[in-house]
Amino acid sequence: MAGPLIMTAAVRRIAVIGGGPGGLYAAALLKRLDPEREITVWERGAPDATFGFGVVLSDETLGGIAHADPAVHAALQDAFVRWDDIDIVHRGRTLTSGGHGFAALGRVALLRILHERCARLGVRLRFRAEAPPAAELAAAHDLVIAADGVHSRTRQTHADIFRPTVTTHRCRYIWLAADRAFDAFRFEIAETDHGVMQLHGYPYERSATAGRSTVIVEMREEVWRAAGFAGLDERASADRCAAVFADALGGRPLLSTAEVASVTSSTSTVSSASAASAASSRPAASPTPGAARASAWTAFRTVVTERWSHGRTVLIGDAAHTAHFSIGSGTKLAMEDALALAACLEEERDLPAALAAYERERRPVVASTQRAALASLRWFEELATHTGRPPRQFAFGLLTRSRRVTHGNLRLRDPGFTRSVEDEFGCPPGTPPMFTPLRLRALTLRNRVVVSPMDMYVARDGVPGDFHLVHLGSRALGGAGLVMTEMVCVSPEGRITPGCTGLYTREQGDAWRRVTDFVHASAPGTAIGVQLGHAGRKGSTRLMWEGMDEPLPTGNWPLVAASPLPYRPGVSQVPHQLDRRQLAELRERFAAAARRARRSGFDLLELHCAHGYLLSGFLSPLTNRRTDAYGGSPERRLRFPLEVFDAVRAQWPEDRPMTVRISATDWAPGGTTPEEAVGIARAFAEHGADAIDVSTGQVVADERPEFGRSYQTPYAELIRSTVSVPVIAVGAISSWDDVNSLILAGRADLCALGRPHLYDPHWTLHAAAEQGYSGPAVPWPAPYRAGSRPPPTGRTAAPGPRLAPR
């Protein structure tokens, strides 16, 4: 497949596999940049073959097209349907959010524009022609662009090189068309006897007398089967979907792929040059107009590839990566790939450098888009858990599902809509959602910001010192509603490192009392909570900055765990499996620590059952291999953590809240599933937990987290929606806009932030100042009030001219 590498200046013969928008646009750009190039596009379908019906492009993509090829941009502008609104229809009610700005056109129209542009430039288009294998093309061409889609033969043939990961998701969907142009991007929810179904629709053709819209109907696999769609062909499926969403369609039918093709083929034209090229190509079967296919339903597949190029061959578009249609990104990504590839080929000194530059430029953008698409996809997968929310909160949650659209974005786009969501939520006038109070038992938190537990590793013999007083005291003065200690260990052997704090001696309890007294006296209204835990198999390690999770070089203490499995095989100490007597002793250790925490004056207690520490080790099937009553089924794995919870709750004052931190996924095969996480949360709630602090991972050393903005919040949202218990969201929540968005959407009740509070101890005060809020949820300490406004800055520009001569 590779062949000898060549200088970019000599990239004259180019083969493009796949005649979709990405492949055609790449061919047109490269030919326009160098008319001497010989470029051939192989497309196995007919010139007007289509799927997906309509294509949505962003202003960002259009800006790049305008700069790279004004002729294509002008043709697109003439074909676009534009609109601003999103309609969300749920339980007979339509809520509209405006100011979004969309541009769409028919896929056939887009292909026609690109066909004509390629033909004018002299690109050879071979329709109804199966491309030779990429390796064969590479032997005769300087560059092979594989734009052969989600089922890419190039990627599959050379999977050992490109190393793809393909994930099939839980919903079935079908692309159809409506013979009318919707007025807005439309999301409609149907709650049927078989389960929840959703319609995604948007216009792509509009005229004085006619119009057309893309309609995608999607539902969970089990709903699809229960509704009988598995036994229906495409025509029957379209009829059934039209009946379900009759109101949205105004009683009109839905058109299948073949029916849309039969209508558009008569109006689709290709230039004479490309038509002649197509006529000389090898013929292939095309659908008979009006024919019904066995089934057009499919499950979305997310494609991620470790490499995008090898030798002379490069992947673009869906061949390299896919992103769920609910954020409208497939064609956009493919055309942006084409633009970046063409630019890099012009800018770099040789082909290897150009392909490396292309991948460097595009990978971060694609990764970010895929994270947003996965968040959107998963929100729709769990749609049934959201439908019971208040109508405006439901709509706001749908609009912000990808985490790219936020409370701040929507407030700019449609302030009236956003205000109506805030009013429904209960925000007092002028109060951002994050500054609304929350009551847990007798404790009222004045705002929704939590300083997350963060291990400091500076204690001596478990005793918190001046550092802890200043660290926690400064964050309490900084305006957060709740400040949490680091994990406070219930025994010397339960420490992670020699620098970890404890609550197993009177001296430690007295030292903690010094901290809580300061918070209550100097930051009245701020609550301070303690997190109790035991390191289990992750203990007896070095301080974080000396080697995280590395065993101590000397002075190790013995470890205990649910099962005798080391955290890092071959590196970590092998723990002892706890027997019944030792389990009883540990329960009492937790209970004794809770008594000391009560006397130390803490307002809230959290039990740490996450991150692979002792209690988490019982919950995960990856770390609990016991065969007794404390291992096996999820219920048995829960037994000891629940016993500890009950023992602690019995010692903790009835009027003070108690929360539990869990790892909702292990980010590893065979680990805790989302369904098991819901079961764990439900069990703790039934035993009296007032909120669940939903974290993830750190249970096994070989985990593979899906890092990204607010990446753990979908698990918090699932638990909140399913168990109906307040939740604390954590994980890469970095801005006050994120906090407002998560709270208002009902994804979380509290947001815990760690690193932002290390960067800025007064993060919450500054968030209030930046939003112009000065109410009771974030009072500035009297000595700090002079700093409640940003300090003035120096002038950087002279006044402009004000008077013109007569």
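Student: Which residues of helix H3 (residues 70-79) are buried?

Tutor: This is a predicted model, where local features need pLDDT of at least 70, side-chain atom pairs count only at pLDDT 80 or more, and totals for chains, interfaces and linings use all residues. Residues are numbered from 1 along each chain as its sequence is written, and side-chain values use heavy atoms, without hydrogens and water. Buried means under 20% relative accessible area (1.4 Å probe, protein chains only). In H3 that holds for Val-72, His-73 and Leu-76.

Student: Within what arc do the buried residues of H3 fall, seen down its axis?

Tutor: Take the directions from the helix axis to the C-beta atoms. The buried residues of H3 line one face of the helix, because their arc is within 100°.

Student: What covers the buried residues of H3?

Tutor: Look for contacts, meaning heavy atoms within 4.5 Å. Helices (H or I, at least four residues) and strands (E, at least two) are DSSP runs, numbered from the N terminus. The cover includes strand E3 (54-57), helix H2 (59-68), strand E7 (102-106) and helix H4 (107-121).

Student: What share of the protein's residues is buried?

Tutor: The protein has 28 helices and 29 strands. Of its 806 residues, the buried ones make up 59%.

Student: What is the radius of gyration of the protein?

Tutor: The radius is taken over C-alpha atoms, and the globule rule is 2.2 Å times the number of residues to the power 0.38. For 806 residues, a compact globule would have a value near 28 Å. The protein agrees with that, at 30 Å.

Methods
Buried < 20%, exposed > 50% of the residue type's maximum accessible area, 1.4 Å probe, protein only.
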